Amino acid sequence: MSITFPTARLAQVKTPFYYYDTDLLRQTLQTITAETQKYPNYHVHYAVKANANLKLLSIINEAGLGIDCVSGGEIQQVLKAGFPADKIVFAGVGKSDWEIELGLEAGIFCFNVESIPELEVINEIACAKQKTANVCFRINPNVGAHTHANITTGLAENKFGIAMEDMETVIAKSKEMSNIAFKGLHFHIGSQILEMDDFVALAERINQLQDRLEAAGITLDIINVGGGLGIDYTAPEANPIPDFASYFATYHSHLKLRPGQSLHFELGRAVVGQCGALITRVNYVKQGSVKQFAIVDAGMTDLIRPALYDAHHKILNLSSTEPEETYDVVGPICESSDVFDKDIKLPRTHRGDLLAMLSAGAYGEIMASGYNCRQLPQAYTSDELQ
Ligand code: LLP
């Protein structure tokens with residue numbers, strides 16, 4: 001079942017706004033639960049950076065997922081949504097002291113630590129609070145991913161993680177620290193990954209690292225492979241739910257877990273990407289000298305992915321069934337990159353038509369900005385717009 005639009009109801013709402021189909025979100029979550037139940041030691045933490053809308057968070061919490069945060073603000077938001085603190089993992093290359101304090105006070109499950117200076121600060125703060133911080137080290141596995149350069153993270157040149165060659169030193173150091181409990185390793189190679197071979201490469205690298213650590217007498221309780229499973233932006237209606245079965249099966253067949261180890265995932269886009277759309281109204285249709293423009297009331301301030309990553313979001317005209325014509329769909333912002341798509345076919349489009357930009361549930365609403373003094377987009381769920 002793909003995203004469905006109650007068009008008459010949507011037409012009554014002030015545009016632009018995000019629309020979330022909660023039936024599709026629930027089905028996606030059911031699929032995740034059904035697939036992970038096959039592997040009792042697998043735990044999925046929803047990567048809240050993809051979308052922190054409270055209405056969606058409460059549905060994700062009901063489904064029993066844990067949570068992956070990268071800031072103190074995200075920790076506050078997920079606690080507000082009711083997630084239990086002991087299901088929170090907290091990553092990030094530059095955690096501030098107050099964020100570490102917050103994590104310790106709340107009693108989060110684990111800090112994903114990215115450097116020795118950070119480890120030292122966590123130890124100091126934990127010491128002052130007489131608490132113990134569970135930590136995993138984020139290791140940079142130097143594994144490439146077939147995705148956009150701006151969203152690949154696991155190469156040696158990226159700013160993320162601790163180099164593989166420093167792994168034993170960092171673990172040894174953590175074991176000397178009074179208020180640190182070393183739990184395991186964390187990885188993340190990038191986002192919007194559709195080739196299972198990329199995850200195979202990560203699993204194989206982790207196997208090598210585990211063998212190396214075992215030889216040094218170091219064992220791990222936790223392995224966290226991050227997120228990254230992509231969604232189908234080209235044919236979202238045909239593939240509304242990502243292939244979670246193959247994703248988890250890939251790790252099951254390639255990653256050699258030791259008895260008692262738990263495997264953690266931090267999935268963002270795959271959970272919420274397809275259930276959301278940006279709804280916008282056409283303000284003008286303009287004939288340029290070589291182009292026909294549909295100028296809409298949403299801009300890159302509402303959905304920045306096309307401008308930032310050349311991302312493609314399929315666009316539907318919900319109001320017209322006339323013969324197709326070719327359009328550039330552009331926003332009103334004073335930037336030439338404020339273009340949603342070029343030379344696409346849409347039913348003949350008129351002022352006032354409602355367009356839907358699909359697959360916008362992840363990294364859409366949350367990345368909105370107030371540039372040009374624009375208001376942030378509102379958001380509604382299908383439960384609210386019946
Ligand atoms: N874990 C870590 C450590 C991450 O850095 C990320 C995403 C995730 C998990 C979740 O990845 P996902 O499952 O959603 O691929 N704004 C970009 C995506 C940035 C992703 C950043 N890290 C976009 O719109 O495509």
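In this predicted model, the side chain of aspartate 297 reaches the side chain of threonine 15 through a polar contact of 2.5 Å. Threonine 280 joins in too, with a side-chain polar contact to aspartate 297 at 2.6 Å. As for where this aspartate sits, look in the loop between β12 (292-296) and α11 (305-309).

What about charge? Aspartate 297 is buried but has no salt bridge. Arginine 281 is the nearest side chain of opposite charge, and it lies 5.5 Å away; a salt bridge would need a side-chain nitrogen within 4 Å of a carboxyl oxygen. Leaving out residues up to four places away in sequence, aspartate 297 touches Thr15, Pro16, Thr280, Arg281, Asn283, Asp302, Pro332 and Arg374.

Now over to serine 262, in strand β10 (residues 262-267). Serine 262 counts as buried because its relative accessible area is 15%, and the cut-off is under 20%. Its side chain makes a polar contact with that of histidine 264 at 2.9 Å. Beyond four places in sequence, serine 262 touches Asn41, His43, Asp221, Ile222 and Ile223.

| Residue | Partner | Distance |
|---|---|---|
| Aspartate 297 | Threonine 15 | 2.5 Å |
| Aspartate 297 | Threonine 280 | 2.6 Å |
| Serine 262 | Histidine 264 | 2.9 Å |

Key:
Residues numbered from 1 in each chain as written. Predicted model: local features only at pLDDT ≥ 70, side-chain atom pairs only at ≥ 80, totals over all residues. Heavy atoms only, no water. Helix = DSSP H or I, 4+ residues; strand = E, 2+ residues; numbered from the N terminus. Buried < 20%, exposed > 50% of the residue type's maximum accessible area, 1.4 Å probe, protein only. Lys, Arg positive; Asp, Glu negative; His and termini not counted. Polar contact = N/O pair within 3.5 Å; in protein donor to acceptor, adjacent residues only side chain to side chain. Contact = heavy atoms within 4.5 Å.
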